[in-house]
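Please look through the sequence and the model below before reading on. The paragraphs that follow lead through the structure step by step.

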Amino acid sequence: MSFVTSHFNYVVVIVLMMGGLFITFSTGNLIKRMIGLAIFQTSVGVLYISLGKVAGGTAAITIEATSEAGRALSSKLDPGYVAQYGVDGVVYSNPLPHVLILTAIVVGVSTLAVGLAIAVRVREAYGTVEAGEIAAADQAAIAQADRRKSGGRGR
Amino acid sequence: MSFFADLYAAPPALLAHAAVLLVIGPLMAAAAAALAPNARWAWMIAVGGSVFAFWMALGVAGEVARQGVVTYAMGGFAPPRGITFRIDALGAMFALLISAIAVAASLFSGHSLDGEIRPGKRSLFQAGFLLCQAGLLGMSATGDAFNAFVFLEVSSIGTYALIAAGSGRDRRALPAAFNYLIMGTVGATLFVTGVGFLYAATGTLNMADMAQRLATLDDNRAVQAGFAFIVVGLGIKAAMFPLHGWLPGAYAHAPSLMAVFLSATATKAAIYLIVRFAYTVFDPGAAFVAHFMDWIVAPLAGTAIIVCSLQAMFQTELRRMLAYSSVAQVGYILLGVAMGTAAGLTGGLLHLFNHALMKAALFMAVGAMALSVKAVKLTDFSGAARSAPWTMAAFGVASFSLMGVPLTAGFLSKWRLVEAAIGVEWWWAVAVIAVSSLLALVYVGRMLEVMVFRSAVAGGDAIKEAPIGVLIPLWMLAMASVWFGVDASIPEGLARASAAAVLGVR
């Protein structure tokens, strides 16, 4: 149990990732599939941010260790952590994952935009956003075209 | 590579930055094309951007042949801190292939967009095409794992929109594009999750730096999980059987330009990343990599070759047949990659190169024939050989290469794969290649029978000869399939140098 609580962020990642993936593939509604996909992509963001977090660490903006703010921050550090790593002064979280995820969020938003735009066009073309009905409409169109062709030859 | 060692394609001032101009050229051209006043201008910008990228790729290939590896540090931040472009023989080969196909495709786009895309949207379409090209070239050039994800998504998002643009001719393009968007995004997200695991284990994103640190981390569970995420994610993008469900619909209903460009480059770029990660980033000696290649990739590749060749036989739509054949060909390429020997990798990469040429030519010929007549099903193309002999002849040449008729490029690369399979004593693989060549004979034979020997459907419009602007790139690709079957020194040299660069990193 303590393993779960100490890795709580990763539990959240797993739940979001699997939940998102399940929504994406279990429903035939194109809009709901996009929602699932967005949740799935968000889970990766939580994963990256969790990787970069240092307990007691602050944002990566230089603070003098001897200044008042610096002393206040370093006093909050876990003493065990300080002893283990020999930390002296202010500890910063790793800013790189934040930058990466900022990019990934932009990518996710663009994908969402393109996906929803395609869903709108699907609705215009088929009058529905349900995958099952779209497939049925395609089958019907093919069957009709075949009938027309064979009928034409018969005459 | 000896051909490229003496090649100084550009003045030294340009050569120094060729690695990055390769990607920036099409990227800037995309912005210019989006602002172009009309479709004609946008087309000229697209051709210009593609030719520029090809020129830079030639320059990079020359530098790679002389120096081995070209490294370009973005903004002057030395690796492993900053983002670097790192192009070795493998990257140079893909940059050349992608940009060469892009030149042919952009020439083709001068006519292929008529009747598919509304005139007002053509400049935006060209912009999307250039973005997609920039993304693919970036994937082959980058030396940074996260940057590879960004370029993967740049190319993918462009691709989704452009496949959906096929709805002007066939509304089925829309669900196909949506399906590809879902599968492609899941794939790319799995890939970036895997990169996250590697970052957690190594603390670096630079591929070369990562490789050094991973060499001692074979037993690390995070590294193994990362490997699984990366290969499954890229497997979806590469249409690795059985993750290829998105491909037939996307290729069959996309605008002809995208069918040409995607079939030749998109899955190939994902295969490039698989090779890059499996053999140069991860430790290829690690048990989990070797077992994955032997027990998962190789059997699945063999299954893909047989099953998808069979599926291709039973399709009624011509482009869908070609799409299933593409999945089978991805199987050949991955079979060579899975062998893990220099001979196998050379064979796989050579087949990748040749398949890109022939499949681009086939899709271009089909697109050219469908310019004059709304032809989708195989029977719609009956009698094409009589009314459009030049287009049909190019289709015939490329389809012979697809079957693997001697004196074509397809024969040579299949032969190299058989040699490599004998080298590692994979007799089943030899049998699979032999059987599938017979299956290819059946489905290609079916296409040619309808197109050459049957007369046109009575009452229908005859398929017209393609305009000269389409015949030129079409015959360039078709002749390349023959030329590289007779004198393969250029592609085979590239493939050999790539295999050496990939397997000799450590």
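Which residue in β2(B) is the bridge partner of Thr71(B)? In the predicted model shown here, that partner is Arg86(B). This is a predicted model, in which local features need pLDDT of at least 70 and side-chain atom pairs count only at pLDDT 80 or more, while totals for chains, interfaces and linings use all residues. Residues are numbered from 1 along each chain as its sequence is written, and chains are lettered from A and ligands numbered from 1 in the order in which they are written.

Strand β1 (residues 70-73) of chain B is joined by four bridges to strand β2 (residues 84-87) of chain B, and the two run antiparallel; strands pair if DSSP finds at least two bridges between them. In a regular strand the side chains alternate between the two faces of the sheet.

Chain B as a whole has 21 helices and two strands, where helices (H or I, at least four residues) and strands (E, at least two) are DSSP runs numbered from the N terminus. The radius of gyration of chain B, taken over C-alpha atoms, is 21 Å, close to the 23 Å that the globule rule (2.2 Å times the number of residues to the power 0.38) gives for 506 residues, so chain B is as compact as a globular protein of that length. Of those 506 residues, 65% are buried. The mean pLDDT of chain B, the predictor's confidence in each residue from 0 to 100, is 87, and 98% of the residues reach 70 or more.

Twelve of the 17 residues of α10(B) are buried, so the helix is largely enclosed by the rest of the structure. Its buried residues, including Phe227(B), Phe229(B) and Ile230(B), pack against α7 (145-164), α8 (173-202), α9 (207-214), α12 (256-281) and α13 (287-313) of chain B.

Most residues other than glycine have a negative phi, and most peptide bonds are trans. Ala239(B), in the loop between α10 and α11 of chain B, has a positive phi of about 60 degrees although it is not a glycine, and Ala239(B) is buried, with 29 other C-beta atoms within 10 Å. The loop between α10 and α11 (247-253) of chain B also holds Pro242(B), and the peptide bond from Phe241(B) to Pro242(B) is cis, with omega near 0 degrees.

Finally, chain B meets chain A: 25 residues of chain A are in contact with 24 residues of chain B, contact meaning C-beta atoms, placed from the backbone, within 7 Å. On the chain A side, α3 (30-52), α6 (96-126) and α7 (131-154) each supply at least two residues, and α6(A) gives the most, with 13 residues. The predictor gives the complex an ipTM of 0.89 and a pTM of 0.91.

Conventions:
Two residues are in contact if their C-beta atoms, placed from the backbone, lie within 7 Å. A residue is buried if 20 or more other C-beta atoms lie within 10 Å of its own, exposed if 12 or fewer, and partly exposed in between; C-beta atoms are placed from the backbone.
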